[in-house]
Amino acid sequence: MEPRWKGKGFADIANDNPMSEIIKRLQISFIQSKEPAQLSGCESLFEAGLDLADLLGRTCFGQPITTSSKDKQWFQFGPEETFYLSYILKCLKILGEDGQDINFENLWDHMKLKRENFPFLFKAYSHLRSKNWIVRPGLQYGVDYVAYRHHPALVHSEYSVLVVTKNHPRLKVWSDWQSVVRVTGGVAKNLLVLSIDANHHDMNPSLQYLDKCTIDERLITRWVPEHSRAENNRQK
Amino acid sequence: MNSWENEEEEEQHQNPFLNTTKEMRFLKLVGTKTWEWERSWKRRVEFGGTLESSEMVADFTVSLRKFSLLVMDGPDGKVLTLSDIHSKVAEKKNGCSWEYFKAYRRLKCLGYIVGRHDVAWSSKSSSNSNQEDGKTIMDCFKDMGISDDMKVKKKLVFDMYLPDSRFKKTCPGMPVFVLCLIRGSPPSKEEIEKLEEESNGVPLKLCHVDNWLVSFFSFDKVELPHLP
């Protein structure tokens, strides 16, 4: 499936603004701001200056929260975003619910308690983000994430993403396959299944263990022989 | 919506509120073949054309739906009903099932060339009628290589070729994909990987049959690009 750009010239805009470069500027801006994010449940709240807010918008991290402030913007980061900004990009300090600094291990344990299947969801999120795909929640499509090749204002998402492990198998019955594939196709996306190769005995993996797990990418598509034959006839 | 989209998307219903007469279609009688069914029954099937035995057996199932007349006689001259035939095939204890036929029929009707997986084309067909006399219908199914061990839940069954008037059984080439019939629950990643090993590099498609719905899926390995 080819990328579906939302406007004329948007592919060129994306080309001229590689996501990897914007993320580097985001990291620098975070470090310069020195502001921490405050943990709240499995999410975190962050108050950004206007430049940092602009970069967060361009890289699609967090959900902006409208307030009356004109020179600051509040953002709410999801659990995967919080941990990614803190542990992978190493640019965001997190304060625990007690207002004190929280280290990676404690933050990891905290997130595992608060969000079911967090380790594997984070592994999948991090896998796609590290390839510079924009990753957003996908619950409205019956999946874990949707993945965009650039900013959602420029291009439609190409993939609905499901995260699978032996401990957390999905698509266990045929009605699951049919419904997810149909919904995905109905919104013009491909269903991407990310299988994480984790030991099935380990339901509570450590960060170090998870770093070593590999991810297998598979596309599940419905094949319609009638369409395929029509396409074949057109090519002849 | 195109007719084939209708075929694929929805269960088809005749409209009972409209007064239409059902068109009867009859097979042109040009020849007969005889099979034994469970050795104690004899059936005479009347058909048209010069089909090879394996194709005759498959088209036999097509004709059950498309043609309103298929004359089958028992040893006592009793004409068998569709229900009699259906129950014999659906019994499954003789090594065949409607699932195979439904998948086969869907693809064959579209012109795809369907071969038995891992069986050379030269052993599939026999136009020698003397060899077929006395064969049970289940022997014919088994000759097609679609004998069905009901304990096997995931099985490579058909080698598929695109419709091609130049297709030669003596030199079929590589199939475009191998069809795997899945029974029971959907396959795990590990089961799919095992099936992929068995297909020797030919792309795999999965088929699941549930009532009237024949569904096909691909489960292809990909690698998303690292974006700039």
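In chain B, the charged end of B:K205 sits over the ring of B:F177, 5.2 Å from its centre, where a charge is taken to sit over a ring if NZ of Lys or CZ of Arg is within 6 Å of the ring centre and within 35 degrees of the ring normal. In chain A, A:R129 lies over the face of A:F61, at 3.7 Å from the ring centre. The model is predicted, so that local features need pLDDT of at least 70 and side-chain atom pairs count only at pLDDT 80 or more, whereas totals for chains, interfaces and linings use all residues. Side-chain values use heavy atoms, with hydrogens and water left out, residues are numbered from 1 along each chain as its sequence is written, and chains are lettered from A and ligands numbered from 1 in the order in which they are written.

Over all chains, 24 aromatic pairs are found, a pair being rings of Phe, Tyr and Trp (its six-membered ring) with centres within 6.5 Å, counted as stacked with planes under 30 degrees apart, edge-to-face over 60 and tilted for the rest. One of these, between A:F83 and A:Y87, is tilted, with 5.4 Å centre to centre and 40 degrees between the planes. A:F83 and A:Y87 are four residues apart in helix α4 (residues 79-88) of chain A, and are therefore separated by about one helical turn; helices are DSSP runs of H or I with at least four residues, strands are runs of E with at least two, and both are numbered from the N terminus. A:F83 and A:Y87 also belong to one aromatic cluster with A:F104, A:W108, A:F118 and A:F122.

Within helix α3 (residues 50-59) of chain A, A:D54 and A:R58 are four residues apart, and their side chains meet in a salt bridge at 2.9 Å, N to O. A salt bridge of 3.9 Å, N to O, is formed by B:E193 and A:R218; because B:E193 lies in helix α7 (residues 189-198) of chain B and A:R218 in strand β10 (residues 215-222) of chain A, the pair joins two chains. B:E193 is partly exposed at 27% relative accessibility, whereas A:R218 is buried at 1%, with buried meaning under 20% relative accessible area, exposed over 50% and partly exposed in between (1.4 Å probe, protein chains only). Salt bridges that share partners join B:E193 and A:R218 with A:D216, B:K189, B:E196 and B:K221 into one network.

Conventions: Salt bridge = Lys/Arg side-chain N within 4 Å of Asp/Glu carboxyl O.
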